[in-house]
Amino acid sequence: MRQGHSLPPLTGRRIAVRALIGLHEALLGRRTLSLARQLEQTQWLPERALRAMQLEKLRALISHASTHCPYYRALSLPMVDCFRTVNDLLHVPLLTRAELRRNAAEMRWARMPGRFLTDHTHGTSDESFAFYCDRSRQAWDKALRLRGHRWHGFEPGDRELHLWPIDPPRNRSARLRQWLRHRRDALVAEMQIDSLQVTKEDVREFWRRWAEFAPTRVTAYPSALAEMILEGHRLGCQMASTSVRRIFLTGEVTFDWQRRLIEDLLQAEVTESYGLQEAGAIAFCCEAGSWHTSDEAFVVEILRDGHPAASGEWGELVVTCLESRAMPLVRYCTGDIVRAQHLGGCDCGRGLARIPPIVGRSSDFLESADGRWIPPAEVVATLGAVLDDGAWQLRQTDEGDVTLDVIADGRHHRVAREQARLLLQRLLGRGMACTVRPVSALRRTSFGKRRYIESLRTRRGLALPREIDDGSERCPTARNPT
Ligand SMILES: [Zn+2]
């Protein structure tokens, strides 16, 4: 059964905007719109056909990486013929974030025609690192995003506001590119607001610009948008508008309180998507509420201790980017955690695989004294009994001890802080020290995200086999499956 929102009619303005976007993409050497048309067809393919497509692309990727990229050549990947199904990826070593950070230059296509595009991650942690891509990868990301938005009735040209961090231009040519991007955004009805530049003092101006632009959709980091709403609400800003139909949240896991806040005060529906800058647009939520992976461009595994996680277990998402040639990523450990479960077909009727909702990054989990991983939502619900949402931050050391910082601006007096400490201690169990500190402000990462929970004890993730010491080391080369 094919569901879906009815798309808005093609008015003259829409046709003009689409032509402009097509021209812009062609000038940059990106075949975004033709890919988007292909993706409209392939999403309905049966699962078997999609797996066959993935296998063919996987073989091409392995052949490319083994031939052209020094890092993968040295790794002695299995021969292409050894891949009889995508599950044969299990014989390829895992790639950790630390390994990628150390070897990014060696992972590149050594003699790539054209030029590399260098970018830096805006991860949830402060550890930014460089990665490389090309126009083709950019086109895939854009086309996948167009499809994900189309599932909710949006077309190119529907007014879109972005609230996320923007790298400050470092030289004259970067300033020129930024100026050109602003001109392009104006032509195609988009507006970017740099979440790093919006301070508490700018909140009124932020909501004024929002109202003036009148977006029909907004793409934002949940923590940045939630803060704008909380502060705007406190200042009495007019926030709800009739223009906004949907908020697309990305870049972080959305807590329930953030979702409720956004939906209640903006009077708009919320949808999430999942991607990594270094990997691309990995999954989108469909109109039936399922997370569908972008099967045409990724193989997604859920691993625990080097094996597929069993149903009911926590597992880490591991991705292989099938359309990434400038810097291939094969079995990249994302650090993002889901509860593994068998998921059948979706009511929307698409053949694209489904994944369970992402619960958090591994370091968003706490580990209790008896080794249990405590999901961030459970920590939030526990502390929410005595503390205000978004008014605390906690950090767990490698040894397991926890420090809870609590905003004490007339709220959260000593009794509430002591109650929070006792609740936290009960959650963690004996043997792990809990300390509560009153603070006047919470920390933000240098990329504008607010991390409410950060554990050094769980940051290693779950995908790597336990015997491999430290997530910063690559697994030994796997045996050849033949
Ligand atoms: Zn669906």
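Analyst: Asp305 is partly exposed, with 15 other C-beta atoms within 10 Å. The scale is simple: a residue is buried if 20 or more other C-beta atoms lie within 10 Å of its own, exposed if 12 or fewer, and partly exposed in between, with C-beta atoms placed from the backbone. This is a predicted model, in which local features need pLDDT of at least 70, side-chain atom pairs count only at pLDDT 80 or more, and totals for chains, interfaces and linings use all residues. Residues are numbered from 1 along each chain as its sequence is written.

Asp305 sits in the loop between strand 10 (298-304) and strand 11 (307-308). Helices (H or I, at least four residues) and strands (E, at least two) are DSSP runs, numbered from the N terminus. The phi of Asp305 is near 50°, a positive value in a residue other than glycine. Most residues other than glycine have a negative phi.

Ala214 also has a positive phi, about 55°, although it is not a glycine. Ala214 lies in the loop between helix 8 and strand 5. Ala214 is exposed, with 12 other C-beta atoms within 10 Å.

Helix 8 (residues 203-213) packs against helix 9 (residues 222-235) at an angle of about 100°, and their axes are 9 Å apart. Axes are lines fitted to C-alpha atoms, for helices over the stretch in contact, and angles run from 0 to 180 degrees between N-to-C directions. Helix 8 is therefore roughly perpendicular to helix 9. That label covers 65 to 115 degrees; under 35 counts as roughly parallel, over 145 as roughly antiparallel, and the rest as oblique. Helix 8 brings Val203, Arg204, Phe206 and Trp207 to the contact, and helix 9 brings Met228, Glu231, Gly232 and Leu235. Two residues are in contact if their C-beta atoms, placed from the backbone, lie within 7 Å. By class, the contact of helix 8 with helix 9 has five nonpolar, one polar and two charged residues. Here Ala, Val, Leu, Ile, Met, Phe, Trp, Tyr, Cys and Pro count as nonpolar, Asp, Glu, Lys and Arg as charged, and the others, Gly among them, as polar.

Helix 9 also lies across strand 3 (160-164), strand 5 (217-220) and strand 6, running at about 115° to strand 5. These strands belong to an open sheet of eight, in the order 4-3-5-6-7-8-9-14, with mixed pairing. Two strands pair if DSSP finds at least two bridges between them. Strand 4 (190-194) and strand 14 (354-355) stand at the edges, each with a single partner strand, so one side of each has no neighbour in the sheet.

Within this sheet, strand 6 (residues 246-249) and strand 7 (residues 269-276) pair in the parallel sense over four bridges. Leu249 stands opposite Glu272 in strand 7. Helix 10 (residues 256-266) packs on the sheet and touches strand 6 and strand 7; its direction makes about 135° with that of strand 7.

With 25 C-beta neighbours inside 10 Å, Glu278 counts as buried. Leaving out residues up to four places away in sequence, Glu278 touches Leu100, Thr121, Phe131 and Leu329. Glu278 and Phe129 are 149 residues apart in sequence, yet 9.3 Å apart in space, C-alpha to C-alpha.

Strand 18 (residues 392-396) and strand 19 (residues 402-407) run antiparallel, joined by five bridges. Arg395 stands opposite Thr403 in strand 19. Five residues lie between the strands of this hairpin, and Gly400 takes a positive phi near 110°.

Strand 19 also runs parallel to strand 20 (residues 434-439), with six bridges between them. Thr403 stands opposite Thr435 in strand 20, and Ile407 has Val439 as its bridge partner. From strand 19 the chain crosses through helix 12 (residues 414-428) to strand 20, a right-handed β-α-β crossover. Right-handed means that, with the strands pointing away from the viewer, the path from the first strand over the helix to the second runs clockwise.

Last stop: Thr458, in the segment after strand 21 (453-455). Thr458 is buried, with 23 other C-beta atoms within 10 Å. Thr458 touches Ser362, Ser363, Phe365, Glu367 and Trp373, not counting residues up to four places away in sequence.
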